[in-house]
Amino acid sequence: MDNQNISFDEIFNRFHKNEFVDSLEENIIVAEYTCIDEIDMQLPVPEIRVDAVIVFFCYQGSVLFTVDYKTYNLTAGMGIVLISQNIVGEIQRSDNYIGYALIISKQFMISLVDEVPSLMAKVTQGSLAGNSIQFQEDEMQIITTSIERIRRQLKTTDNTFWKYIVKNEVSNFFMELVYFMLKKRPEEDRYQKTNQADTVIRKFLQLLLQNFKQQHEVMFYANELCMTHGNLTRIMTHASGKSPLKWIHDALLAKAKTLLQKPDISIQQIAEELHFGDQSSFSKFFKKHTGLTPTEFRKKS
């Protein structure tokens, strides 16, 4: 059966005005209680891939997921992390369901501190994504507190630094979450020697975060890693579900969107900061990947 890719923007546009949703522009959604009904009812096809990182937690009742053609029944104290590779099918909840769904755009994930993308790479590589996880009571308490801090900061828009505070809270949340998830691995797997793919992902992401503004070509990163262009592309695509070129473009777009929200910075200055040849080439790149010119995006924001 065919499945359809759903962009984060589509999900955001459907749910961000719901009374049970807190959000940060087109980057974060924290949905509570009944929003899962809307996700279920509005699926355009029986099976989808959502171009985002999604974390579901169940605090009461149960919620039934079909992920990668396997069925998971989340009950109290359980959670599941979904990434863009996962195929999501049926979603059903019990009448007494209470829980949260956090939906984070991939661009926002890239923009977080460098530990988070590398930790998420471990989740992808370690087959932790797409599988339900039972958390201990104290772990769920920490997770709950972290989510509530994110929600509280999402509402504090009168604080000049609220976007930065939200980013820090989300970063802390994911580091706690992935730490708990990694503890669930079998003892021998948790401490096994890091394989080549883990090493390549970690080093590539470190290089990307340090150099993406200046270096837009895959060959630079391949050379730094003493690899061929083909090998780097093969390893990154297989292990993370995304080619190194897509990682580079996503990092550039995430930074461009952040800069475009600052009215005191001209588009020419943004093009220069991101090391495009000129404003025209930056505008063409931005429109190709977003469907909007930088000026249109700025007005929309």
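This report covers the fold, cores, aromatic pairs and selected residues of a predicted model.

## Basis and overall make-up

Residues are numbered from 1 along each chain as its sequence is written, and side-chain values use heavy atoms, with hydrogens and water left out. Because the model is predicted, local features need pLDDT of at least 70 and side-chain atom pairs count only at pLDDT 80 or more, while totals for chains, interfaces and linings use all residues.

The chain has 14 helices and 10 strands. These are DSSP runs numbered from the N terminus: H or I of at least four residues for helices, E of at least two for strands. Of the 301 residues, 48% are buried. Buried means under 20% relative accessible area, exposed over 50%, and partly exposed in between, with a 1.4 Å probe and protein chains only. Among contacts (heavy atoms within 4.5 Å) with a separation of 6 or more, 69% join residues 24 or more positions apart.

## Two nonpolar cores

A nonpolar core is a set of buried Ala, Val, Leu, Ile, Met, Phe, Trp, Tyr and Cys residues joined through side-chain atoms within 4.5 Å. The largest has 36 residues, and F204, L208, Y221, L232 and F282 touch the most other members. Six helices each supply at least two residues: helix 8 (196–211), helix 9 (218–224), helix 10 (229–240), helix 11 (244–260), helix 12 (267–273) and helix 13 (279–290). Helix 11 gives the largest share, 8 residues.

Beyond its neighbours within four places in sequence, L208 contacts Y221, W247, I248 and A251.

## Helix packing

Helix 8 and helix 10 pack at about 100°, with their axes 10 Å apart. Axes are lines fitted to C-alpha atoms, for helices over the stretch in contact, and angles run from 0 to 180 degrees between N-to-C directions. The two helices are therefore roughly perpendicular. That label covers 65 to 115 degrees; under 35 is roughly parallel, over 145 roughly antiparallel, and the rest oblique. At the contact, Q196, A197, V200, I201 and F204 of helix 8 meet L232, I235, M236 and A239 of helix 10.

## Aromatic pairs and a charge over a ring

Rings of Phe, Tyr and Trp (its six-membered ring) pair if their centres lie within 6.5 Å; planes under 30 degrees apart are stacked, over 60 edge-to-face, and the rest tilted. The count is 11 aromatic pairs. F173 and F174 have ring centres 5.1 Å apart and planes at 75°, so the pair is edge-to-face. Both F173 and F174 are buried. Ring pairs also link F276, F282, F285, F286 and F297 into a cluster.

The charged end of K242 sits over the ring of W247, 3.8 Å from its centre. This requires NZ of Lys or CZ of Arg within 6 Å of the ring centre and within 35 degrees of the ring normal.

## Selected residues

H249 lies in helix 11 and is buried at 16% relative accessible area. Leaving out residues up to four places away, H249 touches F285 and H289. M219 is in helix 9 and is partly exposed at 37%. M219 and L245 are 26 residues apart in sequence, yet 9.7 Å apart C-alpha to C-alpha.

Two non-glycine residues have positive phi. C226 has a phi of about 55°, lies in the loop between helix 9 and helix 10, and is exposed at 74% relative accessibility. H275 has a phi near 60°. H275 sits in the loop between helix 12 and helix 13 and is partly exposed at 44%.
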